[in-house]
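User: I would like to learn how to read salt bridges and a few other local features in a model. Can we go through them one at a time?

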Amino acid sequence: TMASKPMMGEGEIDWTALNAKLPTGSDKASKARRKRLFESMDNGNGILSLAEVDKGIRDILAVDEIFNAKPAIMRAYQIAKNSTKSKFECGDDYIELKEFRYFLLSLRQYFEYWVAFCRTDKDGDRRIDRAEFCAARAKMEVWVGKIENKQWYQRRVRGQYFDVVVCFEVFTVTVLVINSTSQHLFSSNPLVHWLQWRLNQ
């Protein structure tokens with residue numbers, strides 16, 4: 001199953017308060033809150049652009065930590081906008097109300113990965129090298145379980161292993177695969193399966 005607790009240390013993010021601001025539940029109250037939140041971000045055309053989402057996170061949700069996590073917002077937006085068939089001609093490029101819960105769930109998950117990524121990326125160059133990985137490995141394994149030596153920071157090319165640096169996108173895919181159940185291991189995007197499971201809860 002996916003992570004249900006903060007990664008890589010605590011103290012900087014109030015995860016309980018953050019979760020309370022994101023109406024991701026399937027109960028009536030959450031649905032009503034989610035609809036109000038969507039409408040408050042929407043300019044009236046029934047779809048949300050990335051700019052509207054970004055502005056809403058800053059001005060309505062008022063969560064600076066997420067607003068500053070642009071890669072997490074972008075990844076969540078990209079995965080949500082194509083999650084259902086759109087009735088709008090340009091709808092697949094935007095988020096509709098029926099996709100909004102999907103967006104909020106993926107935003108919460110990708111933000112958690114962004115926090116872990118930043119805490120691992122000690123020099124702040126938005127890449128994780130072998131030394132940074134090794135320094136954070138023990139904490140990672142508490143969260144995702146055993147990580148094989150070559151599973152993370154090396155890639156095999158023609159029978160030889162080469163060190164690589166890891167960007168945020170690769171980081172999320174790698175963590176998702178390591179932290180997935182067996183039914184997800186061969187998926188190109190295990191987060192999709194996790195979100196589909198959450199949407200049915």
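Analyst: Start with spacing along a helix. Lys55 and Asp59 sit four residues apart in helix H3, so about one helical turn separates them. Helices here are DSSP runs of H or I with at least four residues, and strands are E runs of at least two, numbered from the N terminus. This is a predicted model: local features need pLDDT of at least 70, side-chain atom pairs count only at pLDDT 80 or more, and totals for chains, interfaces and linings use all residues. Residues are numbered from 1 along each chain as its sequence is written, and side-chain values use heavy atoms, with hydrogens and water left out.

User: What do Lys55 and Asp59 form, and how far apart are the closest N and O atoms?

Analyst: The general idea comes first. Side chains of opposite charge can pair when their charged atoms come close. A salt bridge is a side-chain nitrogen of Lys or Arg within 4 Å of a carboxyl oxygen of Asp or Glu. Lys55 and Asp59 form one, with the closest N and O atoms 3.2 Å apart. Asp59 is partly exposed at 40% relative accessible area. That class lies between buried (under 20%) and exposed (over 50%), using a 1.4 Å probe and protein chains only.

User: How many salt bridges does the structure hold?

Analyst: Seven. One of them links Lys35 to Glu39, with the closest N and O atoms at 2.5 Å. Lys35 and Glu39 are four residues apart in helix H2 (residues 28-41), so about one helical turn lies between them. Lys35 is partly exposed at 40% relative accessibility, and Glu39 is partly exposed at 43%.

User: Are Arg108 and Glu112 buried or exposed?

Analyst: Both are buried. Arg108 pairs with Glu112 in a salt bridge, the closest N and O atoms being 2.6 Å apart. They are four residues apart in helix H6, again about one helical turn. Elsewhere, salt bridges with shared partners join Lys55, Arg58 and Asp59 into one network.

User: Which residue other than glycine has a positive phi near 60°?

Analyst: Arg126. It lies in the loop between helix H6 (97-120) and helix H7 (130-144). Ala62, also not a glycine, has a positive phi of about 55°. Ala62 sits in the loop between helix H3 (50-61) and helix H4 (64-67). Its relative accessible area is 43%, so Ala62 is partly exposed.
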